[in-house]
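Student: I have a new structure open and would like to learn how to read it. Could you walk me through it, one feature at a time?

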Amino acid sequence: MHRIIDSHIHLCSLAKHNPDRIAWLAEHRCAVISWAFGGNIGTASDLKHYFSYRLTIFDDLRRRGLDCYHLCGIHPRKLPPDLRPEAVAGLLTPFLDIPECLGIGEIGLETGSSLEREILCAQLELGLSLGRPEVRFGIHTPRKEKASITAQLLRLLDVFKTLPHVAVIDHCTHEIIGPVLSRGYHAGISLSRIKSSEVELIQMLESHAPEAGRIMCNTDSGRDFFEDMVLAVHAGKIEQKIAENVFSGTAARFFGIAGEGGATSDCRIVRGERIPTVFSFI
Ligand SMILES: [Zn+2]
């Protein structure tokens with residue numbers, strides 16, 4: 001596999017708490033997609049500062065040879081009390097115009113509160129109204145009450161008819177992966193000691209083998225770093241064709257970035273502009 005794609009990590013906190021892992025990721029030929037989360041977010045303007053600050057981190061890491069892309073969005077656990085749905089477009093739009101920004105994320109529901117639902121809908125409406133077919137959505141599901149909150153989430157998302165083709169619903173477990181895939185979404189599985197194990201991944205792949213082309217892996221690394229995805233690739237317990245998909249190809253196709261058995265072109269077309277997507281490793 002010439003490139004592994006970790007389709008969901010948090011690069012800002014990773015670079016801060018595990019700086020040595022940047023070279024490790026490049027050495028293991030990992031491309032990464034960083035989803036927004038945030039540090040101390042007390043006000044809406046804190047979000048704006050966070051969105052600007054993280055771009056400087058990404059530029060620095062790319063200069064150091066890391067193949068990285070990102071999503072920008074407001075996480076349900078990072079909603080400042082002064083944030084209003086009508087402020088979402090002004091907050092996000094400037095950051096969606098950056099070539100390496102693949103779309104909106106990490107968004108979703110944590111408790112299902114009315115503010116979470118309003119901010120989630122505002123971000124979906126914004127992203128779907130841009131008229132840019134390449135925009136993708138990275139959607140979170142919580143650890144606590146995963147089945148009931150995800151059921152609530154899927155009902156809310158049903159209103160957005162075009163969303164299933166451009167959204168990945170993440171942190172899937174055997175409880176929720178069926179309903180996620182049956183609605184046409186892509187499913188993300190977070191491989192780590194605190195989310196899904198390799199055994200659970202293999203079980204989900206076996207029970208959903210026909211949809212394996214819509215399943216992608218990640219580690220959700222950030223403050224904690226997880227080697228689980230690279231170890232699973234090297235363990236070789238998953239049949240090669242399926243492994244190439246879940247560890248690289250599916251994310252490459254879905255996000256439109258070059259990868260193993262995925263996108264054929266070596267560039268992303270952003271508003272008619274060719275953005276090269278292949279980086280030479282160190
Ligand atoms: Zn998450």
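Student: Let's begin with helix 3. Which residues of helix 3 are buried?

Tutor: In helix 3, the buried residues are A44, L47, Y50, F51, R54, L55, I57, F58, L61 and R62. Buried means under 20% relative accessible area, exposed means over 50%, and partly exposed lies in between, using a 1.4 Å probe and protein chains only. Helices are DSSP runs of H or I with at least four residues, strands are runs of E with at least two, and both are numbered from the N terminus. Before we go on, please note that this is a predicted model: local features need pLDDT of at least 70, side-chain atom pairs count only at pLDDT 80 or more, and totals for chains, interfaces and linings use all residues. Residues are numbered from 1 along each chain as its sequence is written, and side-chain values use heavy atoms, with hydrogens and water left out.

Student: What do the buried residues of helix 3 pack against?

Tutor: Contact means heavy atoms within 4.5 Å. The partners here are helix 1 (11–17), helix 2 (21–27), strand 2, strand 3 and helix 4 (88–96).

Student: How can I check the span of helix 3?

Tutor: The expected span of a helix is 1.5 Å times one less than its number of residues. Helix 3 covers residues 44–63, so its 20 residues should span 28 Å, and the end C-alpha atoms are 30 Å apart, which agrees. After helix 3 comes G65, with a positive phi near 95°.

Student: Now the strands. In what order do they form the sheet?

Tutor: Two strands pair if DSSP finds at least two bridges between them. Here eight strands make an open sheet, ordered 1-2-3-4-5-6-7-8, with parallel pairing. Strand 1 (4–9) and strand 8 (215–218) are at the edges with a single partner strand each, so one side of each has no neighbour in the sheet. For angles, axes are lines fitted to C-alpha atoms, for helices over the stretch in contact, and angles run from 0 to 180 degrees between N-to-C directions. On average, neighbouring strands of this sheet are turned by 30° against each other, direction ignored.

Student: Which residues stand opposite each other in these pairs?

Tutor: Strand 1 and strand 2 (residues 30–34) share four bridges in the parallel sense. In that pair I4 faces C30, and I5 faces A31. Strand 2 and strand 3 are also parallel, over four bridges. There V32 has C68 as its bridge partner, and I33 has Y69.

Student: Which faces of strand 2 and strand 3 are covered?

Tutor: Both faces of strand 2 are covered, with C30, V32 and S34 buried on one side and A31 and I33 on the other. Strand 3 (residues 67–71) has five of its five residues buried, so it is largely enclosed by the rest of the structure.

Student: Which protein atoms hold the zinc ion?

Tutor: Donors are N, O and S atoms within 2.8 Å of the metal (3.2 Å for Na, K and Ca), and because water is not among the atoms, sites may look incomplete. The protein donors are E106 (OE), H140 (ND1) and H171 (NE2), at 1.7 to 2.4 Å from the zinc ion. Along the chain their spacing reads E-x33-H-x30-H. E106 lies in strand 4 and H140 in strand 5, 34 residues apart, linking distant parts of the chain. E106 is buried at 2% relative accessibility, and H140 is buried at 4%.

Student: Where is the kink in helix 10 centred?

Tutor: The bend at a residue is the angle between axes fitted to the seven residues ending there and the seven starting there. In helix 10 the kink is about 55° and is centred on V246.
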